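Please consult the sequence and the coordinates alongside the text.

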Amino acid sequence: MTVSIQHEGEIAVVTVDNPPVNALGQTLRQGLWDAVGTLDADASVRAVVLICAGRTFIAGADVTEFGKPPVPPHLPDLVDRLEQAVKPWVAAIHGSALGGGFEVAMGCRFRVALDSASVGLPEVTLGIVPGASGTVRTPRLAGVEAAVELVTTGRPFKAAKALSLGLVDAVVTGDLRAEAVAFARTALTQPLPQPISARPVTSPDAGWWEEQRKAIAKRAKGEIAPLRALDCLRMAAEKPFSDAMAHERATFLELRASNQAAALRYIFFAERGAPKPAHLGDAKPRNIRSAAVIGGGTMGAGIAAALRDAGLPVILIERDDEAVQRGLANLRSIFDGAVKRGKLTEAQAGARMDGVTAGSDYALLSDTDLVIEAVFEDLTVKRAVFAQLGQTCRADAILATNTSYLDPRLIAEGLPRPDRFIGLHFFSPANVMKLLEIVPTPATSPETLATGFALARTLGKIPVQAGICDGFIGNRILKRYRAEAETLVRRGSPIAAIDAAMRAYGFAMGPFEAQDLGGLDIAFLQREGARASGQDVAETLGDILVRAGRKGQKTGGGWYDYAPGDRSPKPSESTANLLAEQISTGPALTPEDIATRLTKAMADEGRAILAEGIALKPSDIDLVEVHGYGYPRWRGGPMFAAG
Ligand code: T1G
């Protein structure tokens with residue numbers, strides 16, 4: 001039953017059971033609506049505990065209902081009904097009380113949370129604002145500052161912080177139900193607090209609101225929901241409850257129908273579908289209990305850190321002792337960085353390193369379940385590694401390469417049991433970036449492929465299967481994007497104007513400033529490698545710059561100039577002179593024209609990739625672009641944006 005009622009003396013316990021995350025679909029809303037009536041009429045009941053079965057408290061409105069005509073009872077009315085109930089309700093929160101779930105909890109007179117729980121209003125991450133009093137009741141419950149942080153960031157607060165801000169009344173451990181029933185009994189011995197809707201709220205001055213607006217606008221980079229949420233919060237702080245509710249509801253309904261909300265819902269569900277694609281069928285993944293990484297450079301150390309963050313013991317292999325020490329230092333600096341950012345404690349960082357065995361002897365790998373190669377991007381070097389792995393590892397060990405440009409089939413040539421071989425393309429920094437391109441060869445077995453996807457789930461990554469071609473999905477589209485950007489430069493569009501246009505579109509950086517950061521020589525060396533192997537690769541503007549010693553920030557100049565110690569790009573006369581002969585004056589393009597051309601080129605390449613079967617579906621391409629290449633999430637990715 002979606003909603004069931006039990007009695008513990010004068011306390012009624014209402015249990016919600018609507019898997020997988022107790023989302024507030026119509027049946028659940030109706031069930032709760034009816035429960036209020038039933039219990040208000042039940043003289044034996046003096047208070048009610050609302051608790052959820054499964055892994056979490058109510059995780060919000062049912063997002064799958066968004067495109068459908070709304071059916072009563074509507075959530076704002078249900079929250080009001082809970083608040084006006086004759087008997088006080090106590091929300092007993094475990095897992096995540098999110099969105100409509102936290103609004104329901106604010107309809108209750110009290111909130112009791114397990115210490116592991118969190119509460120949040122993540123609606124802006126779906127391109128909307130809370131639609132059932134989240135922007136109106138939260139400031140009355142916890143003050144405007146806390147409400148602005150909770151609503152405009154969309155990031156949940158852990159129970160302890162929620163308690164300190166008054167968002168919950170008690171944090172408990174152990175048996176949540178028993179604790180909540182006891183809390184309800186105690187509450188009946190004291191005067192009940194005012195319903196939240198009747199509580200006063202103090203509005204900060206206009207200057208404070210303006211500061212918030214500026215900070216949020218800078219963070220939002222074109223996303224509209226966070227700023228609209230701020231408007232709702234200000235209305236809630238300055239206007240009567242009912243006016244603010246009407247404004248919030250109108251804003252919610254308007255944004256729910258917006259393109260940005262459609263794009264963010266699309267990405268939300270694409271992310272949830274990615275780890276379990278249908279084409280895996282019932283292939284059983286191998287159980288990975290131990291892992292190893294060959295190569296302790298930036299990528300190798302990042303991958304080892306990701307494996308350790310997931311709790312796997314790791315063996316780090318490097319060619320000699322000196323390189324082993326460098327690899328360990330790279331890994332340690334990753335964890336030290338996490339301590340500095342407050343993500344890990346010193347003790348946790350120490351434990352991460354304790355789980356690493358390092359050496360240069362491949363015999364260490366004789367009983368390892370998974371080995372990921374992350375050495376220099378050179379075919380001969382990689383082949384030598386797999387030749388050793390083929391001799392040393394168990395026949396059923398999964399062997400993976402982190403190559404980003406080489407053909408995995410060539411790397412695996414001659415490897416015994418090639419069915420256990422697969423491409424696992426991580427993105428730098430590998431312990432942070434969520435994307436994982438999974439590149440099977442024709443010999444890769446369904447079990448090995450399923451193991452790749454299972455590993456992504458273990459590491460908290462977004463897996464996308466890619467076929468074999470130059471650059472797989474992401475780097476192939478990047479190549480097209482950059483080529484199109486260079487074409488615009490050749491036709492007279494200023495480099496800085498192109499970067500500004502893509503920042504206005506929502507990217508953190510434009511194509512040229514991004515290349516200067518990463519280094520122009522990486523792509524240059526690839527092109528030179530292809531030319532050396534006899535491929536006819538046209539000379540690019542970037543090649544001209546690299547040949548002149550301009551590799552980007554690391555050489556003090558690339559597309560832009562950089563003053564020593566200063567990463568801000570300055571238009572470059574040297575670059576203008578070096579490229580002058582390649583550039584002809586063309587029609588001036590608006591920022592929108594520029595963004596349309598570049599994103600269209602990405603979508604065109606995406607369509608070619610789909611036609612070749614390199615990607616299995618458009619949303620895979622969009623996940624790659626959003627999670628690997630900074631494509632603005634609220635645009636949905638190039639395929640979604642192209643419609
Ligand atoms: N509606 C419908 N389905 C949902 C859902 C939701 N709100 N949340 C999750 N699912 C599905 C998901 O698609 C997946 O399905 C399964 O549940 C497990 O999800 C008026 C309007 C709760 C932290 O934004 O953040 O309330 O793939 O893989 O990793 O103001 O899900 O198995 O078929 O993510 O354990 C606000 C969204 C809604 C929360 C659990 N709420 N959900 O994470 O599982 S707007 C949210 C999450 C709102 C009101 C407004 C996470 C989670 P399937 P999962 P998880």
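The model discussed here is a predicted one. Leu 545 belongs to helix 22. Leaving aside neighbours within four places in sequence, its contacts are Leu 520, Arg 550, Gly 558, Trp 559, Thr 575, Leu 578 and Leu 579.

Val 168 lies 377 residues from Leu 545 along the chain, and the C-alpha atoms of these two residues are 58 Å apart.

## Aromatic pairs

A pair of aromatic rings is described by two values, the distance between the centres and the angle between the planes. The structure contains 12 aromatic pairs. In one of them, Tyr 266 and Phe 640 are tilted, with 4.7 Å from centre to centre and 35 degrees between the planes. This pair joins distant parts of the chain: Tyr 266 lies in helix 11 (residues 259-273) and Phe 640 in helix 26 (residues 638-642), 374 residues apart. Tyr 266 has a relative accessible area of 23% and is partly exposed. Phe 640 is also partly exposed, with a value of 28%.

Phe 512 and Trp 559 form a tilted pair as well, with centres 4.5 Å apart and planes at 55 degrees. Here too, distant parts of the chain are linked: Phe 512 is in helix 20 (residues 511-518), whereas Trp 559 is in the loop between helix 22 (541-547) and strand 18 (560-561), 47 residues apart. Both Phe 512 and Trp 559 are buried. Trp 559 is also one of the residues in contact with Leu 545. Elsewhere, one aromatic cluster is made up of Tyr 481, Tyr 505, Phe 507 and Tyr 631.

## Arginine residues and aromatic rings

Two arginine side chains are placed over phenylalanine rings. The charged end of Arg 256 sits over the ring of Phe 66, 5.9 Å from the ring centre. The charged end of Arg 272 sits over the ring of Phe 268, at 3.8 Å from the centre.

Arg 265, a residue of helix 11, touches both Arg 256 and Phe 66. Arg 265 counts as buried because its relative accessibility is 17%, and the limit is 20%. The C-alpha atoms of Arg 265 and Phe 157, 108 residues apart along the chain, are separated by 22 Å.

## Ligand surroundings

How many residues surround the ligand? There are 26, and the closest are Ala 61, Gly 100, Glu 103, Glu 123 and Arg 272. Arg 272 is also the residue whose charged end sits over the ring of Phe 268.

A backbone N or O atom of Ala 59 is 2.9 Å from a nitrogen atom of the ligand. For Gly 100, a backbone N or O atom is 2.8 Å from a ligand oxygen atom. Glu 123 places a polar side-chain atom 2.6 Å from an oxygen atom of the ligand.

## Thr 56

Thr 56 is located in the loop between strand 3 (47-52) and helix 2 (75-83). Its relative accessibility is 7%, so Thr 56 is classed as buried. The side chain of Thr 56 reaches the backbone nitrogen of Ser 96 at 2.7 Å. Not counting residues up to four places away in sequence, Thr 56 touches Val 21, Asn 22, His 94, Gly 95 and Ser 96.

Of the 12 residues, 9 are buried, so helix 12 is largely enclosed by the rest of the structure. Among the buried residues are Ile 303, Leu 307 and Arg 308. Gly 311, which follows helix 12, has a positive phi near 90 degrees.

Helix 18 is followed by Gly 492, with a positive phi near 100 degrees.

Conventions: Residues numbered from 1 in each chain as written. Predicted model: local features only at pLDDT ≥ 70, side-chain atom pairs only at ≥ 80, totals over all residues. Heavy atoms only, no water. Helix = DSSP H or I, 4+ residues; strand = E, 2+ residues; numbered from the N terminus. Buried < 20%, exposed > 50% of the residue type's maximum accessible area, 1.4 Å probe, protein only. Polar contact = N/O pair within 3.5 Å; in protein donor to acceptor, adjacent residues only side chain to side chain. Contact = heavy atoms within 4.5 Å. Phe/Tyr/Trp six-rings, centres within 6.5 Å; stacked < 30°, edge-to-face > 60°. Lys NZ or Arg CZ within 6 Å of the ring centre and 35° of its normal. Near = heavy atom within 4 Å.
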